[in-house]
Amino acid sequence: MTGQNGTSPKHPEHAGSPPPPVVPTAPPAADVENQTPGHAQTTGMGFGVAGILRRWKREDLVRRGSLALRGLSLVFSLLAFIIMASNKHGDWKDFDKYEEYRYVLAIAILSTLYTGVQAARHVHQLSTGRELFQRRTSALADFIGDQIMAYLLISSSSSAIPLTNRMREAQDNIFTDSSASAISMAFLAFVTLALSALISGYKLSSQSYI
């Protein structure tokens, strides 16, 4: 059909052409700050459980290390006690005639009793998984007890060393050798208890109630 002027009607240029492509829009970014508590807990659950397991392993390692140090201190203290108590060879070669050696013997006995009780308590805790006292109370008692006993051990060793050195300069015999051995055992007991005091201080400063 033609118009009055003999020309065909004009159609829009876009007639019959395909529609323009639709450009996909990016999804909205997740609002990290406004996440629900449930989502946050699900995301951090793995890290929380792993952290708790690592802390339990670390606490178990600390307990075993503390038990090993107390066991060594018990052995050294017991040896110092036995060696000094048997250091009696007649005349001037008797330990009980010297105040410094009696002091070493007395502290060795105290250290043996203290470390024996502490070692038994740690063995009970590791075997049963239960503590006799509250954690903070036990850590505080361990820290104070270890420091006091370590100080007494180094004090007794220091007081007996000059006397032994003077005796060995004049005459070196079985009495002076036994005295030196007992002093050495007391000193080693001091070293192990000093290390145990460091562990006790760490346990006291990083208390966990989980």
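## Salt bridges in the predicted model

The count of salt bridges comes to 6. The structure is a predicted model, and the values below are computed from it. Among these salt bridges are contacts that link Arg70, Arg121, Asp142 and Asp146 in a network.

## Overall fold

Of its 210 residues, 30% count as buried. The accessible surface of the chain is about 13,700 Å², and carbon and sulfur atoms contribute 65% of that area.

Residues 24 or more positions apart account for 80% of them.

## Arg70 and its two partners

Arg70 takes part in a salt bridge with Asp142, with 3.9 Å from N to O. Arg70 belongs to helix α1 (residues 37–85) and Asp142 to helix α3, so this pair ties together parts that lie 72 residues apart in sequence. Arg70 and Asp142 are both buried.

Arg70 also forms a salt bridge with Asp146, where the closest N and O atoms are 2.9 Å apart. Here too the partners sit in helix α1 and helix α3, so the pair ties together parts that are 76 residues apart in sequence. Both Arg70 and Asp146 are buried.

## Asp142 and Arg121

Asp142 has a salt bridge with Arg121 as well, at 2.6 Å from N to O. Asp142 lies in helix α3 and Arg121 in helix α2 (residues 99–128), so the pair ties together parts 21 residues apart in sequence.

How buried are the two side chains' residues? Asp142 has a relative accessible area of 2%, so it counts as buried. Arg121 has a relative accessible area of 13% and therefore also counts as buried, the cut-off being under 20%.

Asp146 is located in helix α3, which covers residues 135–170. Its relative accessibility is 0%, so Asp146 counts as buried.

Which residues does Asp146 touch, leaving out those up to four places away in sequence? They are Arg70, Tyr114, Leu193, Ser196, Ala197 and Ser200. Of these, Arg70 is the salt-bridge partner described above, with its closest N and O atoms 2.9 Å from those of Asp146.

## Lys88 in the loop between α1 and α2

Lys88 is placed in the loop between α1 and α2. Is Lys88 buried or partly exposed? With a relative accessibility of 44%, Lys88 counts as partly exposed, because that class runs between the 20% limit for buried and the 50% limit for exposed.

Not counting residues up to four places away in sequence, Lys88 touches Lys93, Asp94, Phe95 and Asp96. With one of these residues, Asp96, the side chain of Lys88 makes a polar contact of 3.4 Å. Lys88 and Phe175 are 87 residues apart in sequence, while their C-alpha atoms are 7.5 Å apart in space.

Methods. Residues numbered from 1 in each chain as written. Predicted model: local features only at pLDDT ≥ 70, side-chain atom pairs only at ≥ 80, totals over all residues. Heavy atoms only, no water. Buried < 20%, exposed > 50% of the residue type's maximum accessible area, 1.4 Å probe, protein only. Contact = heavy atoms within 4.5 Å. Areas by Shrake-Rupley, 256 points an atom, 1.4 Å probe, with all protein chains shown as cover. Helix = DSSP H or I, 4+ residues; strand = E, 2+ residues; numbered from the N terminus. Salt bridge = Lys/Arg side-chain N within 4 Å of Asp/Glu carboxyl O. Polar contact = N/O pair within 3.5 Å; in protein donor to acceptor, adjacent residues only side chain to side chain.
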